[in-house]
Amino acid sequence: MNNLSSPNRMPPMALSVTDLTVRFDSDQGSLIAVENVSFQLRHGEILGVVGESGCGKTVTSKAILRLLPEHFSKITNGKIQFGNDDLVRVTEQRMRQIRGAEIAMIFQDPMSALNPVFTIGYQITEAIAQHRSISRKAQQSMAIDMLKQVGIPSPERRFFDYPHQLSGGMRQRVMIAMALVLNPKVLLADEPTTALDVTLQAQILDLMDTIREKHKTSIILVTHDLGVVAEVCDRVVVMYAGRVVEQGSAVDIFKNPRHPYTARLMESLPQSDRHSRHHRLPTISGLVPDLRQRPAGCRFADRCLITQQRCVQEEPELVSEVNAAHETHSWRCHYPLGGMST
Amino acid sequence: MTAYVLRRLLHGIPIILGVTIVTFILFHVFGGNPIASFLGKNATLADIAAMEKEYGFDKSLPLQYLDYLYQIIRFDFGRSFATREPVVDMIISGVGPSLSLTLPALLLTSLISVSIALVSAFFRGQLVDRLLVFLAVIGMSVSFLVYIVLGQYLLAFKLPLFQIHGYEAGFIDRWQYLSLPIIVMVVVGTGYDTRFYRSVMVEETTKDYIVTAFAKGLSRRRVMFVHMLKNASLPIITRMMISVPFLVTGSLLLESFFGIPGMGNMLLTALDQADLPVIKAYTVVISILFVLSNITTDVLYAIFDPRVKLS
Amino acid sequence: MNVVARIWSQRSFQKLRRNKVAMGCLGIISVYAIVALGVSLGWFAGDHDSRVGAKYLEPSLEHLLGTDRQGRDIFIRVLYSTKVAFSVGLVAAVVSVFIGTAMGSLAGYFHGKVDAVIVWLYSTIQSIPYLLLLMAVTYIAGKGLSGLYVAFCATYWVGPCRVVRGEVLKLREAEFVQAARALGFGRWRILIRHIVPNTMHVVLVNFALLFIGAIKSEVILSYLGLGVQGEPSWGTMIDQARAELINGFFWQIGGATVAMFVLVLAFNIFADAMQDAFDPKAK
Ligand SMILES: Nc1ncnc2c1ncn2[C@@H]1O[C@H](COP(=O)(O)OP(=O)(O)OP(=O)(O)O)[C@@H](O)[C@H]1O
Ligand code: SF4
Ligand SMILES: [Mg+2]
């Protein structure tokens, strides 16, 4: 107890999200995009977040930095513990200190995420200038150094390029350089490789892995791609229709999925390919429920193969189990699969 | 760049030719005998014949059209039916008053509308924004003529702040006559421009790079005034450039209402008197300006937007 | 199901129908339309030109907006002008939208020479100041309503033509068009049955904008002496009222201005709502 409240002790988690709930309001009424989402990011790990399109992955990661459109979305509940701050409640001023410097984010589409009318050098040094009062020269050399680290050839020249002059892979490297230039503790990567072709995907993933090793950055890696998860993630969060439905170590999730949704995702991967890269999330028959009309029971009920009466009536609670390696594995299902095997 | 501009100029030629054809057909073919309509009912056949000869209207239509083209190339449009002055001189003396009216009006309108639009976009969705948008729509829904009539009544008649009507050529003296029409022009234009600029800005604020900028920890002010505004400046410049020809055309309505001897007034008088040489010259000059300003806009675009390459 | 019903049932129209402000505006527009219809069927306002009392009467129950310089009932003239406004607006908008859509779809769909000619034509018309063109055409076609119709139709088709051409250029490459092509449908059938109905949303917005434009231009042309002759319109009323202002008589300009303002405002808001509802980017 004492230890926990002492400010000098390193917090046990790099980032800890508890019961995060986000609501969107629009002309057509409001919807809860993300509901009671909880997960923890450990120091130096890569945490994968997977789920079908629209399940709330992007909303979750943007909510962490409070980057959701302010006039029609609201974090209605929850806590995001980062060091001594609860990011849901800190002042905008403190939030701005954190953004870019302590928690950085990279986005799916590097073309639209970079401002087309500024040079990449300007965009990177702007981030530095925002958080450090150092000379222009120093900012520049920091930026160029970072560009070199992410593998941009002749960074001194590229510094003056505009985004459209770079290839897709280069742009994503620039995004990564911009995110990492201040050596943040946490990196939120929202589908960083989705817009890239296969070879580039591999290079960018290797780069992220290297960065994690070198700078001890903790990374949340949002992805569609189970191959990516298998490749680099230590632990995995599976989301479905705005909820976390299963969470555990990558090994548990792949070898011993308990939630029928996770299992279906895994099954539809051919066995031999299960560990290869670039596997888009397989398609499962049926549609994600409309978030405006949430069912009373389990959200997966109308697509699940083993639905029972209870599933439709009552939403399952999150159940946890600690495995032999002392890893927590949790799921949200009345009739979880397997359990014996490991 | 030079090659590009040259090619664009070449592409402009068919449009200018088109304008000459339309004007020529409208007035020479459908408009009846221009000299007869100018001289009116009481003219004798001899009068008409004499004037037709003087203006070359006794030639065949194709020859007259060629004459017209030749005039354009020499930039000499002959003399007005009514005043007998060289048309080019009339145009030159009309441009000054027109510009004194339209240029300040354009600059003020743009400045005011861009500022209001920025405020609106900055507070997007909030009460201030909704109020400003609503005011803009209201402003757009009132007739131009009502603005003029009420402006004249309230600001020049009831509160004698400005002159109701007239013009003096002195550079200082002219403003007491021009202020009111400028105000009216600004008020009329602000509603439209504000809405246009706001929607451009709001469109920009939904782009991904805005989120990236916020994710770097930048302030809202910096994101809006540096990142958003620089992107939004392209459509803003375009809209301003597109109005440049209209600076020279002047404002038909305001000039005639307030008695300002500009291009608009000149055209109205010419139309009224069937003063064909003036009408033809005016149309061509404006269309040339139009083509030129389109080209300039594209060149400016290329200068401001690194993505655009002129080829 | 016919094309119109299919489009009306689409989501964007549902969104439009749920927008209460927009529906209120549509209601206002309908009231004006009914008045216009009533006038043209001779139900009322037939006596717009007769002297009904002394001049410059203040409003009373008998003459809701008082009387003008010639002792004519202003309210009746305002009502009658609604008919003129609707005639001008409807004719201008319907004909221009029709011509514009036809030209725009031809230009967009057939590319090549057809496109070049149509683009050249509208670029030319665009480079002539619009008021000059309007005035030239009314000058030739004769003053009065028919002159106005010709003038508006000759100039206003450019707007819808440009946007429809743009839409058609996009739609040509759309999957459902490729599919129709693969099924062996003829070019005209594809254009008329598959492409043109899908430009309806921009056409409708343009219709509203042209309607407003025509009503507003009528006022200006009336002031310039090229407008409606021999019958009242909001433009001629505002023009006449200038002289009355000096005597401190506001009812004529007030009546005409407010009547026109409410209609134009309703149309503006409705056009906005349509644009919103049809915006493919908004969900
Ligand atoms: N700007 C918004 N306005 C309204 N609703 C939104 C908005 N952004 C997201 N949502 C809602 O939140 C839900 C989750 O969206 P989110 O972008 O987080 O999905 P995602 O898991 O990132 O999907 P993808 O894999 O396609 O990126 C969506 O289904 C959508 O209904
Ligand atoms: S709770 Fe029932 S419906 Fe939901 S996943 Fe488990 S078994 Fe399937
Ligand atoms: Mg996403």
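Trainee: What makes A:D234 and A:R212 a salt bridge?

Mentor: Happy to walk you through it! This is a predicted model, and in it the closest N and O atoms of A:D234 and A:R212 are 2.9 Å apart. A salt bridge needs a side-chain nitrogen of Lys or Arg within 4 Å of a carboxyl oxygen of Asp or Glu, so the pair of A:D234 and A:R212 at 2.9 Å qualifies.

Trainee: Which parts of chain A does this pair tie together?

Mentor: A:D234 sits in the loop between α10 (226-232) and β9 (235-240), while A:R212 belongs to helix α9 (residues 198-215), so the bridge joins parts that are 22 residues apart in sequence.

Trainee: Why is A:D234 called partly exposed?

Mentor: Its relative accessibility is 33%. Buried means under 20% and exposed means over 50%, with partly exposed in between, so A:D234 at 33% falls in the middle class. A:R212 has 11%, which is under 20%, and therefore counts as buried.

Trainee: How do you know that A:R99 and A:E92 form a salt bridge?

Mentor: Use the distance again: their side chains meet at 3.1 Å, N to O, and the limit is 4 Å, so this pair passes too. As for burial, A:R99 has a relative accessible area of 3%, so it is buried, whereas A:E92, with 42%, is partly exposed.

Trainee: What makes C:R165 and C:D115 a salt bridge?

Mentor: The N to O distance here is 2.7 Å, and because the cut-off is 4 Å, the pair counts. C:R165 lies in helix α8 (residues 158-172) of chain C and C:D115 in helix α5 (residues 112-127), so the bridge ties together parts that are 50 residues apart in sequence. Both C:R165 and C:D115 are buried.

Trainee: Why can such side chains pair at all?

Mentor: Side chains of opposite charge can pair when their charged atoms come close.

Trainee: How many salt bridges are there over all chains?

Mentor: A search of the whole structure finds 32. Some link up into a network, as with A:E35, A:R243, A:R299 and A:E315.

Trainee: Which residues have the most contacts inside the largest nonpolar core?

Mentor: They are C:M135, C:F152 and C:W234, in a core of 152 residues. Helix α13 (residues 251-278) of chain C supplies the largest share of this core, 17 residues.

Trainee: How do you know that this core lies between two domains of chain B?

Mentor: Domain 1 (2-74) and domain 2 (96-304) of chain B both give residues to the core, so it lies between them.

Trainee: What is C:F152 in contact with, leaving aside its neighbours within four places in sequence?

Mentor: Its partners include C:V88, C:A92, C:L134, C:A214 and C:L221. A second, separate core has 119 residues, among them A:V174, A:A189, A:C233 and A:Y261.

Trainee: How much of chain A is buried?

Mentor: Buried residues make up 55% of its 342 residues. Chain A has 13 helices and twelve strands.

Key
Residues numbered from 1 in each chain as written. Chains lettered and ligands numbered in written order. Predicted model: local features only at pLDDT ≥ 70, side-chain atom pairs only at ≥ 80, totals over all residues. Heavy atoms only, no water. Core = buried A, V, L, I, M, F, W, Y, C linked by side-chain atoms within 4.5 Å. Buried < 20%, exposed > 50% of the residue type's maximum accessible area, 1.4 Å probe, protein only. Helix = DSSP H or I, 4+ residues; strand = E, 2+ residues; numbered from the N terminus. Domains from an automatic or database assignment. Contact = heavy atoms within 4.5 Å.
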